[in-house]
Amino acid sequence: MHPDTGELLALRDGAAVREVAAHVRGCPLCAAELERLDAVRRSLAALPEERPSRDVWPAVRAAVLQSRQTRRLVRAGWVAAAAAAVFTAAVTVRGVVETIEESRAAQAATVLVAQSQQLEQALQSYQTRERVMTGWEASTVSQLEDRLETVDARLARSGERSRESLPLWQERVELLQALVDARSGDDARPTYAGL
Amino acid sequence: MGSWFSVTLDDVTLARARRGDLGALEAVCRAFEAPVYTLARRLVRNPHDAEEVLQETFLEVVRSIERYRGDGSFAGWVRQVAASKALGRLRYHRVRAGETSLDTDEDGEAPPEPAVEPVHPGDRLDVAAALELLSDSARAVVWLHDVEGYTHDEIGALMARTASFSKSQLARAHARLREVLGRQGETERCTRTLANS
């Protein structure tokens, strides 16, 4: 009795029972069918590679940036809230011993946090209407984002050392401004951030 | 075919990609563009869907690459993501069409094959065209098994079915390919001979 297609496929793939192999050795019809099954497999494997008609990387890249932006906004919101709490606590606890300098630092930080949040929103609006960037622009944006990640990490670590966080907030605002300029196509400003 | 394991990505690029470096992620996507698209094009029915699968695969890769721990080859991991996305696309179309699953039962009783003009003895179809005449599940199984080298167990897991489902689909696929490739006269043998023996 001849084996069925499934049994021949198993033999082709090296998983057949001994009786099937013995049958095929003595049966020209089954041997030919086995060879045909193997030839189909070879023909399929020899089909040429195909290429997409469009480049999907820009869409993937935009999604990555959008995702990072969202994460950064969440983190920035947490950092801003923490910074505000730190300053409030400092003013409340120190009370009468609060110096003019500390008060100014608190005010400056509050302004920088607000600016930072405004720039984040502006940046988000640019990303929702994604435009095609040149390679130079994309590289600039990538470097700025990397630096922003670093500043955010240092801000998160700065804790209650409010005076140390001031220059970080200043740098964050500058980087965000440069990012907004790069996103808007105004390529004069990225040099402002040292690029 | 798309050659997954001829893709060369150095360890430095892969490490940078895992850290989220956009340039390295782009290099990864560019390197796997043809293999992923070719697999997608063989499993789904049109170029538009294949491009969607390509994009979904890369989105998944860039989102999850930091979790890739090097268990098995990186190419194998990307291929697994691509196969999963392509099968998901097929399921999506089936659900939209009101069908409940990629196929019907464990015995491999699949929906009817796509309509095709009768193949006359002597007619020869290109193997790529013949592949497109198979049902979604039979086409997926024959490609994943015969070309990509997945085992029946692996295909069963990918399709949320069993190894026996994969085996029966492979046999159906080859029976159909024999029919549409126009070689009945030559080897219309065992099954009919069997029936008479």
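Modeller: Helices (H or I, at least four residues) and strands (E, at least two) are DSSP runs, numbered from the N terminus. The model is predicted; local features need pLDDT of at least 70 and side-chain atom pairs count only at pLDDT 80 or more, while totals for chains, interfaces and linings use all residues. Residues are numbered from 1 along each chain as its sequence is written, and chains are lettered from A and ligands numbered from 1 in the order in which they are written.

Colleague: Which residue just after H1(A) takes a positive phi?

Modeller: That residue is Gly14(A), with a phi of about 80°.

Colleague: With which residues is Glu7(A) in contact, leaving aside its neighbours within four places in sequence?

Modeller: Two residues are in contact if their C-beta atoms, placed from the backbone, lie within 7 Å. On that criterion, Glu7(A) is in contact with Ala16(A) and Val20(A). From C-alpha to C-alpha, Glu7(A) and Val20(A) are 7.2 Å apart in space, although 13 residues apart in sequence.

Colleague: What makes H1(A) a mostly covered helix?

Modeller: Six of the eight residues of H1(A) are buried: Glu7(A), Leu8(A), Leu9(A), Ala10(A), Leu11(A) and Arg12(A). The buried residues pack against helix H2 (18–25) and H3 of chain A, together with helix H8 (163–180) of chain B.

Colleague: Which residues of H3(A) are buried, and why are they said to line one face of the helix?

Modeller: Cys30(A), Glu33(A), Leu34(A), Arg36(A), Leu37(A) and Val40(A) are buried in H3(A). Seen down the axis of H3(A), these buried residues fall within an arc of 155°, so they line one face; the arc is that of the directions from the helix axis to the C-beta atoms. On the other side of H3(A), Pro28(A) and Arg42(A) are exposed.

Colleague: How many residues of each chain are in contact with the other chain?

Modeller: The contact joins 33 residues of chain A to 38 residues of chain B. On the chain A side, helix H1 (5–12), helix H3 (28–45) and helix H4 (57–94) each supply at least two residues. H3(A) provides the largest share, eleven residues. The predictor gives the complex an ipTM of 0.81 and a pTM of 0.64.

Colleague: What pLDDT does chain B average?

Modeller: pLDDT is the predictor's confidence in each residue, from 0 to 100. Chain B averages 82, and 77% of its residues score at least 70. Over residues 105–109 of chain B, however, pLDDT stays under 50, and the model has nine contacts beyond four places in sequence for them. Residues 118–124 of chain B are also below 50, with ten contacts beyond near neighbours in sequence.

Definitions and conventions: A residue is buried if 20 or more other C-beta atoms lie within 10 Å of its own, exposed if 12 or fewer, and partly exposed in between; C-beta atoms are placed from the backbone.
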